[in-house]
Amino acid sequence: MSPAITAVGAYAPRFRISAEAFREAWGQFQASGISEKAVPAADEDALTMAYEAGRRALEAADLEGEGVDWLAFASSRPPLAEEDLSARLRAMLAVPRTATDHVFTGSTRAGTRALWAGMDALEAARAERVLVVAADAPRGEPDDGVDHAAGAGAAAFVLERDGPATITDRAEYGAPYPGTRFRESGRETTEGLGVTGYDRAAFTETIGGAVAGLEADPDPDAAAIQAPDGKLPYRAAGAAGVSTDAIQASATVHDLGDLGAASVPVTLARALADGHRSVLAVSHGSGAGADALVVERSDEVSASVDLEVGDSLSYAEYLRQRGVITSGPPAGGGAYVSLPSWKRSLPQRYRLEAGRCPDCGSLAFPPEGACPDCGSLTEYESTPLSRTGTLEAATTISQGGAPPEFAPLQSRAGDYAAVIVAFGAANGDGVARVPAMGTDAAPEAFGAGAPVEATIRRLYTQEGVTRYGFKVRPVSE
Amino acid sequence: MREAYLVGAGQSSYGAFPEESYRSLFRTAFEATAESVPKGLEPDEIDEAVVGTLGVGGRQLGLSGPAVTEHVGLHGVPCTRVENACAASGYAVRQAVQAVRSGMADVVLAGGFEVMSDTSADATKYWLGVSGETEWERLSGTTFSGTYAQMASVHMREYGTTREQLSRVAVKNHANGAKNPHAQLGFECSLEDAESAPVVADPLTLYHCCPTSDGAACALIASEDVVSEYTDDPIRVAGVGAGSDRVGLFQREDYASIPASQRAAEAAYEMAGVGPDDVDFAEVHDCFSIAELLAYEDLGFCERGEAGELVESGYTELEGDLPVNTSGGLKSKGHPIGATGAGQVVEAFKQLSGTAGDRQVEGASRGLTHNVGGSGGAAVVHVFERAGAADSSTGVDA
């Protein structure tokens with residue numbers, strides 16, 4: 001039995017910065033073969049991008065999270081070094097508590113390691129439907145090649161035992177190459193010693209080794225090769241036994257940058273969405289090791305892979321969005337929302353769960369306290385809201401006017417819209433009104449009456465703990 | 001039930017006073033109150049005290065009521081702190097009236113204070129945040145200015161209210177505040193000043209927002225049994241009304257009004273047996289200029305949607321038919337949260353006792369105060385009238 005990919009989703013943040021902007025700022029650009037790259041917004045990180053890609057994959061598969069029984073989250077740079085973030089991702093995507101979940105990290109190979117483990121689970125009949133999400137946003141020091149290359153993106157795959165894109169072959173290879181790419185404990189940034197020949201040897205040996213381990217010589221239409229920059233994958237063409245045309249066919253590095261652990265997954269997702277029949281996917285991980293996967297497509301794969309939208313940033317705006325040139329949160333206190341209080345509200349913040357009054361049928365958000373309509377104090381029935389709604393009231397919170405929790409975000413991302421949205425019940429019966437912050441568009445885009453959709457973003461960080469929750473963005477009509 | 005009377009009221013100046021403490025500010029207000037009582041007041045005649053405050057420079061004190069009453073020598077007098085955000089001392093006055101009417105006390109001191117200028121701008125924002133809906137509204141990035149801006153945007157959309165009309169509230173209140181020696185921002189502002197000021201939360205500019213303030217204010221309420229010991233020209237507390245609501249704007253049915261104000265006004269008018277046409281002046285809660293426009297409608301000074309035109313017409317100017325915020329309002333006089341409601345009563349007392357100086361409303365015999373907590377989670381309205389003025393009322397229903 002060979003597991004198959006039944007649906008894919010991919011996501012890239014809306015911001016782009018060009019190589020030219022780096023050249024203007026630094027006099028040079030150290031990431032060859034990259035013309036522009038994706039930049040995560042101030043309220044995005046690997047976890048929120050994983051949510052975006054995961055949601056897209058589920059929608060492509062016409063599934064709800066409850067249909068998944070095995071979940072993986074992969075990132076070389078998860079927002080926390082220690083904490084099982086798959087638990088948060090599971091809650092955001094409404095994957096059942098009984099599902100198995102895993103976090104994969106530690107190298108840029110984590111995305112394919114997660115696919116590998118998901119395949120194992122299916123083959124061992126320990127899972128029926130697997131969701132693998134790889135998301136990454138590497139960072140380097142502002143003046144180095146890692147940062148110049150560092151992009152952002154995420155891909156998610158629904159895997160089942162049968163489907164339109166079978167993973168027919170796989171092999172792995174590991175060899176110690178210390179110092180090729182690493183991130184020290186407690187450091188925000190990834191680095192490499194830049195020993196050119198040594199780095200290249202690590203790259204080609206592991207990729208060649210993994211491909212050599214495949215049962216058959218691959219002859220793919222498209223090759224998704226790990227891309228720390230826009231040049232290295234082509235240097236590994238010989239080792240991988242593929243043409244540079246096959247690498248170029250669906251490459252993401254040139255316009256999205258180095259996607260770290262999501263590099264091969266996003267490229268694979270694009271290749272499948274592009275309709276390629278045969279794809280060779282080969283990752284390379286810091287350390288070093290590689291995974292090679294052969295995907296043969298016999299039928300169309302449901303895909304939600306839109307990586308094109310982009311708003312250009314100047315280099316100064318880039319530094320602002322990254323928080324490089326902003327101060328931290330303000331001191332003070334008052335009206336602090338404790339973590340236990342926050343935790344109680346997660347079904348609302350992650351999944352927009354409202355409550356229906358069993359006595360009069362009206363909706364309450366949040367679902368607590370007396371019914372807003374009839375005053376009944378009975379227990380609400382949990383009722384999910386539709387993730388699309390209509391703006392009823394809006395304002396723009398201008399610079400310096402944000403509540404203290406949001407001061408760091410505002411200083412990074414600028415003015416934002418604060419709105420009230422009417423969301424209908426998912427089953428169409430009733431409306432609940434919810435306050436929300438706007439994201440992904442300028443505040444002017446949030447006019448009353450405009451349709452919006454909810455997504456999950458970073459809200460604020462307090463005491464080292466980032467609170468994630470829904471925000472809204474305009475929906476193009 | 002017994003009648004209750006307003007026999008004195010006084011306040012400190014509002015502003016930033018680094019040399020003053022919350023206690024010294026309260027002392028200033030207390031002494032001004034005692035001096036305002038026509039026949040004088042001996043502290044030992046006070047049976048009870050009710051004090052409104054949110055906090056002291058961002059600190060919360062457990063016994064902030066007794067802390068100020070002991071400071072002015074009211075040892076042993078029962079003192080309660082009430083807290084309803086910006087409506088704290090409006091509610092303190094209401095509690096004083098209740099105590100007098102119930103017969104539990106004959107002379108009650110109602111007051112409030114706040115110190116807001118001694119914390120950093122960041123810490124002040126934390127502190128102000130406690131008065132809103134915290135878990136959802138504030139954590140969706142909204143401040144008070146943002147919430148009122150949302151109300152303004154809806155009012156503008158539904159009724160065609162303009163930003164210029166919002167600015168006219170500021171222009172009017174600054175004109176009045178310039179005549180008030182206690183005002184924090186006692187200078188005039190032009191329409192252009194208000195229009196060109198930086199935007200705080202669209203559509204509200206800096207001039208559409210009140211300042212943060214230090215200050216204290218007190219009012220003395222006496223029963224019908226003892227009122228003649230204090231004055232020969234008593235001011236009756238004709239009507240009291242209060243209402244509360246969902247704390248978050250998003251939880252209310254209507255974003256372009258403050259239902260708690262409507263409930264409070266309805267109750268106060270009914271008790272007083274008068275209607276909005278029967279008041280000669282009003283002190284209304286104008287923490288943001290849209291709040292004053294909403295108050296016109298919620299208090300029945302005009303129909304829904306007509307507040308913008310009302311302010312534009314000059315109806316609510318000092319020389320107009322119904323002068324509103326003769327003190328300068330929160331906008332110009334200042335908004336020391338806990339003192340605000342009592343401070344409005346101070347202006348009502350001055351107007352009704354004919355001591356309002358340059359801003360005196362001629363022939364004022366009945367006035368209204370309107371104090372809102374948060375963005376409308378609580379509201380309280382009082383109708384005061386000079387004894388004998390009841391005869392001139394038309395008894396129109398609210």
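Helices (H or I, at least four residues) and strands (E, at least two) are DSSP runs, numbered from the N terminus. This is a predicted model, in which local features need pLDDT of at least 70 and side-chain atom pairs count only at pLDDT 80 or more, while totals for chains, interfaces and linings use all residues; side-chain values use heavy atoms, with hydrogens and water left out. Residues are numbered from 1 along each chain as its sequence is written, and chains are lettered from A and ligands numbered from 1 in the order in which they are written.

## The two chains

Chain B has 12 helices and 11 strands. Its radius of gyration is 19 Å, close to the 21 Å that the globule rule gives for 398 residues, so chain B is as compact as a globular protein of that length. The radius is taken over C-alpha atoms, and the globule rule is 2.2 Å times the number of residues to the power 0.38.

Chain A has 15 helices and 20 strands. Here the radius of gyration is 22 Å, close to the 23 Å of the globule rule for 477 residues, so chain A too is as compact as a globular protein of that length.

The table sets out values for each chain. Buried means under 20% relative accessible area, exposed over 50%, and partly exposed in between (1.4 Å probe, protein chains only). Accessible areas come from the Shrake-Rupley method with a 1.4 Å probe; for residues, only the protein chains shown count as cover.

| Chain | Span along principal axes | Buried residues | Accessible surface |
|---|---|---|---|
| Chain B | about 55 × 50 × 35 Å | 64% of 398 residues | about 13200 Å² |
| Chain A | roughly 70 × 55 × 40 Å | 58% of 477 residues | about 17600 Å² |

Contact means heavy atoms within 4.5 Å. In chain B, residues 24 or more positions apart account for 79% of the contacts with a separation of 6 or more. In chain A, 72% of the contacts between residues at least 6 apart join residues at least 24 apart.

Charges come next. Lys and Arg count as positive and Asp and Glu as negative; His and the chain ends are not counted. A charge is placed at NZ of Lys, CZ of Arg, CG of Asp or CD of Glu. Chain B has 26 positive and 58 negative charges, and their mean positions are 4 Å apart. Chain A has 41 positive and 65 negative charges, with mean positions 4 Å apart.

## Where the chains meet

The contact takes 32 residues from chain B and 43 residues from chain A. The area buried between them is about 3100 Å², and carbon and sulfur atoms give 59% of it. In chain B, Y126(B), W136(B) and L139(B) lose the most area to chain A, together 27% of what that side buries. Buried area is the accessible area (1.4 Å probe) that two parts lose on being put together, summed over both.

Q150(B) is found in helix α5 (residues 144–159) of chain B. It counts as buried, at 1% relative accessibility. Leaving aside neighbours within four places in sequence, its contacts include A393(A), A394(A), T395(A) and A418(A) from chain A, and T142(B) and L249(B) from chain B.

## A helix in chain B

Helix α2 of chain B covers residues 64–71, and its buried residues are S64(B), G65(B), A67(B), V68(B) and T69(B). They pack against α1 (22–36), β2 (48–52), β3 (79–82) and β4 (107–114) of chain B. G73(B) follows α2(B), with a positive phi near 90°.

## Backbone details

Most residues other than glycine have a negative phi, and most peptide bonds are trans. A94(A) has a positive phi of about 60° although it is not a glycine. This residue lies in the loop between α3 (85–93) and β5 (100–104) of chain A. At 35% relative accessibility, A94(A) counts as partly exposed. G65(A) itself is buried, at 3% relative accessibility.

L352(A) is not a glycine either, and its positive phi is about 55°. L352(A) is buried, at 0% relative accessibility.

One joins F365(A) and P366(A), with omega about -10°. Another joins D202(B) and P203(B), with omega about 10°. P203(B) sits in the loop between β5 (199–201) and β6 (204–205) of chain B.
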